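The questions below take up one predicted model.

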Amino acid sequence: MKVRVAVQLKGGILDPQGKAVEQGLHGFGFSVDKVRVGRLIEFEVPASDAETAKAQAQAMCDKLLVNPVMEKAVIEVVS
Amino acid sequence: MRVAVPVFPGSNCDHDALHACGAVMGWDAVPVWHQETALPVGTDLVLIPGGFSYGDYLRCGAIAALSPVMADIKRHAENGGLVLGICNGFQILCEAQLLPGALLKNQTLRFIHKEVYLRVERTDLPFTKALKPGQVLRIPEAHGDGNYTLDAAGLEALEARGGVAFRYCHADGQVGETSADNGAMNAIAGLVNDKGNVLGMMPHPERAVEKLLGNDDGLGIFRSLALALAPA
């Protein structure tokens, strides 16, 4: 099954990349606020149901994909 | 005195570390490739050098923290062995959970490469025992991700146990809102674990060990280690 993990900095953590992108967008005249930059990780796992796939992805987040000090993740089973 | 300097793909301060420990301090300093599963027999100090291990992929230090050699470095630390992580070495120690917290992108959005002032907060550590309380060191730093971050409860616990070894300060030793360009919480430049045998710091003392090259303020840290590891 295909899984997508969206990793983002936690709410209270300053995101300088987001700030730089926001300034860039302001430069083009866009009215935009609270830009946050994250990371999208996509992979396939040999699981027969979404529940199992999600559990596997969660284990990967705990071990490596996410640093809980500063990041949070949203796991989505795509197909 | 034997020093092991683990080398990861992308380490670039390993030779500076080996030079400071070997040519300057006269120690037996050896590089250890990250695929090794054991540190050299009789290793007194592990110095994890700066650089961009694994190109900083995923997060700074995250992949290096999984290297085979790290298992033996963890064992060395658990047995009370000394570990010093500088710059990327500090990031690796945080990712390996040998030290609390994480290093985020500098708040300035820039790579900061300059000499900074550090105030010595602890002088009872193997890394600082040759220094004086409140002493100000001028040490070079060079990093894009030195913004030390920890959750509020963790930070409070860290301060309560006196875990901070060095803080960014002004030339006169004052620590304030503007003393840490990178945005590090509480101006933390270096910290130790509970036992005080693992130290991580962003600035590079190994680049400031020879007067001839303009600055030897980093020597105090190496002399401290010499004192700490001298045969009784």
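Q: Among contacts in chain A between residues at least 6 apart in sequence, what percentage join residues at least 24 apart?
A: In this predicted model, chain A has two helices and three strands, which follow one another along the sequence as β-α-β-α-β. Taking the contacts of chain A between residues at least 6 apart in sequence, the share that joins residues at least 24 apart is 67%.

Q: What is the radius of gyration of chain A, and is the chain compact or more spread out by the globule rule?
A: Chain A follows the pattern β-α-β-α-β along the sequence. For its 79 residues the globule rule gives 12 Å, and the radius of gyration is well over this, so chain A is more spread out than a compact globule. Along the principal axes, its C-alpha atoms fill a box of roughly 45 × 25 × 15 Å. The radius of gyration of chain A is 15 Å.

Q: What radius of gyration does chain B have, given what a compact globule would have?
A: The C-alpha trace of chain B spans about 45 × 40 × 35 Å along its principal axes, and the chain holds five helices and 11 strands. A compact globule of 232 residues would have a radius of gyration near 17 Å, and the value for chain B agrees with this. That value is 16 Å.

Q: What percentage of the residues of chain B is buried?
A: A residue counts as buried when its relative accessible area is under 20%. In chain B, with its 232 residues, the buried share is 55%.

Q: How far apart do the centres of the positive and negative side chains of chain B lie?
A: In chain A, the mean positions of the 10 positive and 10 negative charges are 5 Å apart. Chain B has 18 positive and 25 negative side chains, and the distance between the centres of these two sets is 2 Å.

Q: Which strand of chain B has five of its five residues buried?
A: The strand in question covers residues 188-192, and it is largely enclosed by the rest of the structure, because five of its five residues are buried. On one side of the pairing scheme, strand E9 (residues 164-169) joins it in the antiparallel sense over three bridges, with B:Arg167 as the bridge partner of B:Ile188. Strand E11 (residues 198-201) also pairs with it in the antiparallel sense over three bridges, and there B:Gly190 stands opposite B:Met201. The strand is E10 of chain B.

Q: Which residue in the turn of the hairpin formed by E10(B) and E11(B) has a positive phi?
A: E10(B) and E11(B) pair in the antiparallel sense, and the hairpin they form has five residues between the two strands. The phi of about 80° in this turn belongs to B:Gly196.

Q: Where is B:Asn186 found, and is this residue buried or partly exposed?
A: Most residues other than glycine have a negative phi. B:Asn186 has a positive phi, near 50°, and is found in the loop between E9 and E10 of chain B. With a relative accessible area of 36%, B:Asn186 is partly exposed.

Q: What is the relative accessible area of B:Gln97?
A: B:Gln97 also has a positive phi, about 60°, although it is not a glycine. Its place is in the loop between helix H3 (88-95) and strand E5 (102-104) of chain B. B:Gln97 is exposed, with a relative accessible area of 68%.

Key:
Residues numbered from 1 in each chain as written. Chains lettered and ligands numbered in written order. Predicted model: local features only at pLDDT ≥ 70, side-chain atom pairs only at ≥ 80, totals over all residues. Heavy atoms only, no water. Helix = DSSP H or I, 4+ residues; strand = E, 2+ residues; numbered from the N terminus. Rg over C-alpha atoms; globule rule 2.2 N^0.38 Å. Buried < 20%, exposed > 50% of the residue type's maximum accessible area, 1.4 Å probe, protein only. Lys, Arg positive; Asp, Glu negative; His and termini not counted. Charge placed at Lys NZ, Arg CZ, Asp CG, Glu CD. Pairing = 2+ DSSP bridges. Contact = heavy atoms within 4.5 Å.
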